[in-house]
Amino acid sequence: MIPTEYYIFLGSGLFTIGVIGVLTRRNVLVILMSIELILNAVNINLVGFSQYFRAVDGQVFAIFVITDAAAEAAIGLGLFIALFRNKETVNADEIDLLKW
Amino acid sequence: MLPLIAFGILSVVALVSAILVITRRNAVHSVIWLIVTLFAVGGIYLMQHAEFLFAVQIILYVGGIMVLFLFVVMLVNLDVAVRQAQFRRQWQLALFTVLLLVGQLAYVLYNRGRGLDLPARPSLPEPLRNTQAVGQVLYQNYMLPVEIASILLLVAMVGAVIMAKRKLE
């Protein structure tokens with residue numbers, strides 16, 4: 001029996017790595033992948049608490065999070081393709097059409 | 001003891017490959033390491049008797065979303081990006097923000113030595129068939145969220161098609 005704290009520690013570690021990736025990387029694809037890492041950290045916490053409280057509601061919410069991740073990946077990659085076609089760049093800090 | 005060792009191995013694999021995801025120069029390598037992370041997280045689900053979620057993780061995440069990522073990475077010419085700087089100029093500020101986040105998380109998790117302070121664990125028996133239990137909760141208690149999720153997926157599908165189209169007429 002593994003203490004629930006360990007799942008929280010693993011979840012927060014994965015979340016922190018994801019946040020570092022979102023904040024520091026320039027490549028848009030790697031930023032999208034870091035968001036997937038963050039969503040997985042959330043899922044680990046949900047499943048950990050679901051097992052602690054002996055209720056499957058947390059796992060159901062994890063399924064909804066995975067659904068969101070699928071929608072987000074489809075939209076994000078569609079946006080990325082549209083962007084790359086117009087701007088020929090993968091770097092997030094070069095996409096400054098609305099800045100002046 | 002054995003579950004603890006398995007959990008340790010799985011979490012080390014997940015964390016190390018997550019660090020590799022955000023540090024690799026080539027986006028294809030990042031995708032491959034992300035797949036390793038997702039498999040390790042799936043193993044952690046399996047250890048918690050969430051077998052249905054494990055199957056969803058493998059089929060949907062690794063089989064669906066990651067293939068989509070790999071497809072886009074292959075579609076885009078990354079030769080130029082590989083030779084450019086990989087990190088933003090404000091990375092010091094970003095790391096400072098992350099340190100603040102880590103401090104907050106550590107403060108909450110430490111909680112003056114009391115740990116998480118969870119309410120008492122209910123003494124219910126563990127549901128025997130995980131997939132059956134998930135299905136019942138999903139289609140009885142969470143009927144409306146399921147419908148909302150289906151509309152979300154429809155909107156995402158239409159949006160992806162429109163955005164990837166060459167020209168709107």
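What is the exposure of Leu68(B)? Leu68(B) counts as partly exposed, because 16 C-beta neighbours lie inside 10 Å, and a buried residue needs 20 or more. Keep in mind as we go that this is a predicted model.

Chain A brings 58 residues to the contact and chain B brings 71 residues. On the side of chain A that touches chain B, the elements giving two or more residues are α1 (4-24), α2 (28-52) and α3 (57-87). Which of these gives the most? That is α3(A), with 21 residues. Sorted by class, this side of chain A holds 36 nonpolar, 15 polar and seven charged residues.

Now let us look at chain A by itself. Chain A has three helices and zero strands, and read from the N terminus its elements run α-α-α. The radius of gyration of chain A is 17 Å, well over the 13 Å that the globule rule gives for 100 residues, so chain A is more spread out than a compact globule. Along the principal axes, its C-alpha atoms fill a box of roughly 55 × 25 × 20 Å. Buried residues account for 55% of the 100 residues in chain A. If we take the contacts in chain A between residues at least 6 apart in sequence, 48% of them join residues at least 24 apart.

How confident is the predictor in chain A? The mean pLDDT of the chain is 89, and 100% of its residues reach 70 or more. Within chain A, confidence is highest in α2(A), at a mean of 93, and lowest in α3(A), at 90.

In soluble globular proteins, nonpolar side chains tend to be buried together. The largest nonpolar core here has 61 residues, and the members that touch the most others are Leu14(A), Leu29(A), Met33(A), Ile44(A), Ala73(A) and Leu53(B). At least two residues of this core come from each of α1, α2 and α3 of chain A and from each of α1 (2-23), α2 (27-47), α3 (51-75) and α7 (143-164) of chain B. The biggest share is that of α2(A), with twelve residues. Domain 1 (1-85) and domain 2 (128-169) of chain B both give residues to this core, so the core lies between them. The centres of domain 1 of chain B and domain 2 of chain B, taken over C-alpha atoms, are 23 Å apart.

Two residues of chain A let us see the packing at close range. Why does Ile17(A) count as buried? Because 26 other C-beta atoms lie within 10 Å of Ile17(A), and 20 or more is enough to be buried. Not counting residues up to four places away in sequence, Ile17(A) touches Leu37(A), Leu15(B), Ala18(B), Ile19(B) and Ile22(B). As for Leu39(A), it is 22 residues from Ile17(A) in sequence and 12 Å away in space, C-alpha to C-alpha.

Notes
Residues are numbered from 1 along each chain as its sequence is written. Chains are lettered from A and ligands numbered from 1 in the order in which they are written. This is a predicted model: local features need pLDDT of at least 70, side-chain atom pairs count only at pLDDT 80 or more; totals for chains, interfaces and linings use all residues. Two residues are in contact if their C-beta atoms, placed from the backbone, lie within 7 Å. Helices (H or I, at least four residues) and strands (E, at least two) are DSSP runs, numbered from the N terminus. Ala, Val, Leu, Ile, Met, Phe, Trp, Tyr, Cys and Pro count as nonpolar, Asp, Glu, Lys and Arg as charged, and the others, Gly among them, as polar. A residue is buried if 20 or more other C-beta atoms lie within 10 Å of its own, exposed if 12 or fewer, and partly exposed in between; C-beta atoms are placed from the backbone. The radius of gyration is taken over C-alpha atoms; the globule rule is 2.2 Å times the number of residues to the power 0.38. A nonpolar core is a set of buried Ala, Val, Leu, Ile, Met, Phe, Trp, Tyr and Cys residues joined through C-beta atoms within 7 Å. Domain bounds come from an automatic or database domain assignment. pLDDT is the predictor's confidence in each residue, from 0 to 100.
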